[in-house]
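I opened my notebook to look up two things.

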Amino acid sequence: MRLWRRFKAWIGWGLGPKHLSVRLGRPYEGLEGVRVRYQEARIPKRSGGTRRLWIPNDETKEVQRCILRRLLAKLRTHAQATGFEPGRSIVDNARPHVGRRVVIKMDVIDFFESTTAARVERYLRRIGWNKRVAALLTRLVTTSGCLPQGAPTSPRLSNLLNIGLDEHLQRIVEGNDGHYTRYADDITISFGPHPKPEFEGSRVRIVIRAVVRALAAHGYRAHERTKLKVMYAHRRQMVTGLVVNERLQLPRTTRRWLRAVRHRKASTGTCTLTDPQLQGWAAFEAMVAAAAPSARA
């Protein structure tokens, strides 16, 4: 069946304009007439420098949200892809790496820009759309030959397109008795105690090289110098902003800051956070705390 679907995609067969119109609830001619426009914006990164975003105009954004909701939302992604997925969070990304001897963090260079429009179109044809519809959908969700970071459809598409990458990386890591998760362009790998500790460093180097090769095979490049971190248990291990050394928890500086904010609120009635923000932090703390026991188990 999979070979038959690939053959149909290759020759251009598949669901056509009528099916797309029904699925999106709007005429196909109107979709063809959408003028896709973006405005460039730059925001500062925590690590320094700026991140470039492509913000779609109102018409483009409305169509993209419709595509996300009606075409992409129910499609399968890999279980270890934890970013931008309903029911998954930074807690799910960090939890598998609690209490491990070694935690490795790797970062993909220009992740969205390296996810090409050609890959988007191939994926859309593979899941059943014909050549004409796949080309239109690709035009509606890409710009300059890639996924635009800032479009509502880009995070979900990046996960859908990279099921093969996630499977590849998971095989590499699990073959070395490790755990793997990916949060957008952040890759995390961890290992427990090796029976022979002198082999731990060798295993880390082998896996890093294998991951770099796997990323290259899927069209990506890893930051092998500035963003590569190997964190051992005797130092603080952080995964997507959470400490994972012995149990899952917020960093000490964050916990102290929250205590100070709440003390000021109780003492003076005012603080630097609004009531909804305080409630949001309380809910997040509860989510982390609830995950901590299962992480230790």
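I looked up what lines the largest cavity, and α4 gives the largest share, three residues. This is a predicted model, where local features need pLDDT of at least 70 and side-chain atom pairs count only at pLDDT 80 or more, while totals for chains, interfaces and linings use all residues. Residues are numbered from 1 along each chain as its sequence is written, and side-chain values use heavy atoms, with hydrogens and water left out.

Helices are DSSP runs of H or I with at least four residues, strands are runs of E with at least two, and both are numbered from the N terminus.

I searched the whole structure and found one cavity of 30 Å³ or more. A cavity is a set of points on a 1 Å grid over the protein atoms alone where a 1.4 Å probe fits but cannot get out; lining residues have an atom within 4 Å of a point. The largest cavity holds about 50 Å³ of space. Volume here is the space filled by probe spheres set on the points, which are joined across faces, edges and corners.

Next, I turned to Phe 111, in the loop between β3 (102–107) and α6 (117–126). Is Phe 111 buried or exposed? Phe 111 counts as buried because its relative accessibility is 3%; buried means under 20% relative accessible area, exposed over 50%, partly exposed in between (1.4 Å probe, protein chains only).

How values were computed:
On a 1 Å grid over the protein atoms alone, a cavity is a set of points where a 1.4 Å probe fits but cannot get out, and a pocket is an open set with protein on both sides within 12 Å along at least five of seven lines; lining residues have an atom within 4 Å of a point.
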